[in-house]
Amino acid sequence: RERHIAADGETTCDLAVNASRRALKMANKTNADIDLIIVATTTADKIFPSTACLLQKRLNIRGCAAFDVQAVCTGFVYALGIADKFIRTQSANCVLIVGSETLSRILDWNDRSTCVLFGDGAAAVVLSATEVNNFRTDSHLIDTGIFSDGQYAQTLWCPAPGTGLETN
């Protein structure tokens, strides 16, 4: 019904900050609880540092790992799967997962077959280790399964910035 477009000057990290603050509040968690940050984005603010590191600084979260996952539309699902593995292996207890994009900045607005599919926005969730006593009533993640098929790489693609490559 509608397409959201970031305001002029509004970055992927700006969107991520707002979503993260809401997610932390809804999860009743503080910055000190977070021990891993994963941001799923294709439209990072910079090549490096990662948007996750920029977010970490803006949220004043210190002493934890922070990295981006770039898997376009499935990025949030990949990030969720990665966070789940960190928690199951006890490498993290409380993970901030954010999907944030400013795709409007890389779209070809003359290509109506694709530009109408994408917009800008962010979503965040806090995933934490918890004891599941009742699998029917307690909130929990059962499993994640992720895969891809590189044979379809030419179907929808975007050139890498700075490479000068115009084709895939």
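**Close-up views of a predicted model**

The protein chain exposes about 11,000 Å², with 52% of that area supplied by carbon and sulfur atoms. The model shown is predicted.

**View 1. Overall fold of the protein chain.** Four helices and four strands make up its secondary structure. Their order along the sequence is α-β-α-β-α-β-α-β. Along the principal axes, the C-alpha atoms fill a box of roughly 50 × 35 × 35 Å.

View 2. Of the 168 residues, 35% count as buried. Among contacts with a separation of 6 or more, 72% join residues 24 or more positions apart. The chain carries 15 positive and 18 negative charges, and their mean positions lie 7 Å apart.

**View 3. Strand β3, residues 94-102.** This strand is mostly covered, with nine of its nine residues buried. Cys94, Leu96, Val98, Ser100 and Thr102 point one way. Val95, Ile97, Gly99 and Glu101 point the other way. Both sets are buried, Glu101 included.

**View 4. Pairing of β1 with β3.** Strand β1 spans residues 36-40 and pairs with β3 in the parallel sense. Five bridges join the two. Valine 39 stands opposite valine 98 of β3, a residue that is buried.

**View 5. Pairing of β3 with β4.** Strand β4 covers residues 120-128 and runs antiparallel to β3. Nine bridges link these strands. Threonine 102 stands opposite aspartate 120 in β4.

Terms used
Residues are numbered from 1 along each chain as its sequence is written. This is a predicted model: local features need pLDDT of at least 70, side-chain atom pairs count only at pLDDT 80 or more; totals for chains, interfaces and linings use all residues. Side-chain values use heavy atoms; hydrogens and water are left out. Buried means under 20% relative accessible area, exposed over 50%, partly exposed in between (1.4 Å probe, protein chains only). Contact means heavy atoms within 4.5 Å. Accessible areas come from the Shrake-Rupley method with a 1.4 Å probe; for residues, only the protein chains shown count as cover. Lys and Arg count as positive and Asp and Glu as negative; His and the chain ends are not counted. The place of a charge is taken as NZ of Lys, CZ of Arg, CG of Asp or CD of Glu. Two strands pair if DSSP finds at least two bridges between them.
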